[in-house]
Amino acid sequence: MLPHEHDPAEQVDTELEGSRAGMRALWLSLLVLTATAVLQAGVLWFSGSVALLSDTLHNIADALTAVPLAAAFLLARRPANRRFPYGYGRAEDVAGVLVVLVIAGSAVAALVESAHRLFDPSGIGDPLIVALAGGVGFCGNELAARIRIRTGHRIGSAALVADGLHARTDSFTSLGVVLAAGGAALGWPLLDPLVGLLIGLAIAMVTWSAAHRILARLMDSVAPELTDIAYRALGTHPEVRSVEAVRLRWIGHALHAEVKLGVAAELTLHRAHEIAHEAERDLYRELPRLSGATVHAHPAELTSAASK
């Protein structure tokens, strides 16, 4: 019997490696965003800038999104059991929903406060310091975005990538604070709440994009390119006569596959079993983040007769 190289212990080790990398990215970006938000909050205390308020609220929300994601990564380390036979990877997708809700809340808060200040404008204290705070916000968010996006792509975490894209958008909205400070220096007090409104709308757009990504993952959406790769990898085996079904799904940042192959009817059960394992190895070699595969091989002639 051909030994099975991808045993459960190896799969668990791979998933643990991914969750540990995700945790490192979360805590590092959390430190960056917390320091950014604290500095901006200090400037906000005496400046009264509503644009800076919007940006600070958003940075605080960014920092808080690390909490549900960290909890999900920790939960995903638990092994599968009879109640959760696929493990706890879906906790990561549930955390993604919480991230979207937090982002949406920060968008509402920014829009409400900016709209209020639009009808009751007030000046900004020390525009130069406010502009510097906006620059700090840009640098902090961009650094956090790079950490989260790079790690999210590497481990296959849609929630972490969505959070990183959110932080990247925030880095550009922080530049709006610089614009508002410039308007205040030129004697245009209405520019501050207008920029605050634009930042709130930008946050709302990011909320929609992140929600689309997370909900697609919850609906078992995968990139069509991954399915094409699986079909090509399986179809190159000389004894596979047909690749009849390939189903892929993400569970957290781990990819799972279910495959049905057609093989020659005269093959022995032993040889059909070997082909299934060889095909599984091909999948592991070609598909990124694959942590589990079920390959069923059956006589291709039976399928052909049933289709007539």
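Which residues does Ala63 touch, not counting residues up to four places away in sequence? The answer is Leu30, Leu33 and Thr34, where contact means heavy atoms within 4.5 Å.

Before I go on, a word on the model. This is a predicted model, in which local features need pLDDT of at least 70, side-chain atom pairs count only at pLDDT 80 or more, and totals for chains, interfaces and linings use all residues. Residues are numbered from 1 along each chain as its sequence is written, and side-chain values use heavy atoms, with hydrogens and water left out.

Back to Ala63. Ala63 sits in helix α2, residues 50–64. Helices (H or I, at least four residues) and strands (E, at least two) are DSSP runs, numbered from the N terminus. Ala63 is buried, at a relative accessible area of 9%. Buried means under 20% relative accessible area, exposed over 50%, and partly exposed in between, with a 1.4 Å probe and protein chains only. Leu30 is 33 residues from Ala63 along the chain, yet their C-alpha atoms are separated by 5.3 Å.

Now the whole chain. The protein chain has ten helices and three strands. From the N terminus on, the order is α-α-α-α-α-α-α-α-β-β-α-β-α. Of its 308 residues, 49% count as buried. Among contacts with a separation of 6 or more, 76% come from residues 24 or more positions apart.

Next, helix α8. This helix covers residues 224–235, and its twelve residues should span 16 Å at 1.5 Å a residue; the end C-alpha atoms are 17 Å apart, which agrees. The expected span is 1.5 Å times one less than the number of residues. Which residues of α8 are buried? They are Leu226, Thr227, Ala230, Ala233 and Leu234. Seen down the axis of α8, these fall within an arc of 125°, so they line one face of the helix. The arc is taken from the directions from the helix axis to the C-beta atoms. On the other side, Pro224, Glu225 and Arg232 are exposed. The cover over the buried residues includes β1 (240–251), β2 (254–263) and α9 (269–286).

Tyr231 is also in α8, and it is partly exposed, with a relative accessible area of 34%. Leaving out residues up to four places away in sequence, Tyr231 touches Val243, Glu244, Ala245 and Val246.

How do α8 and α9 meet? Their axes come within 9 Å and cross at roughly 140°. Axes are lines fitted to C-alpha atoms, for helices over the stretch in contact, and angles run from 0 to 180 degrees between N-to-C directions. That makes α8 oblique to α9. Angles under 35 degrees count as roughly parallel, over 145 as roughly antiparallel, 65 to 115 as roughly perpendicular and the rest as oblique. The contact is made by Ile229, Ala230, Ala233 and Leu234 of α8 and by Ala279, Asp282, Leu283 and Glu286 of α9.

Last, the backbone angles. Most residues other than glycine have a negative phi. Asp220 is not a glycine, but its phi is positive, about 65°. Asp220 is found in the loop between α7 (191–218) and α8, and it is partly exposed at 28% relative accessible area. Arg289, also not a glycine, has a positive phi of about 60°. Arg289 lies in the loop between α9 and β3 (290–299), and counts as partly exposed at 22% relative accessibility.
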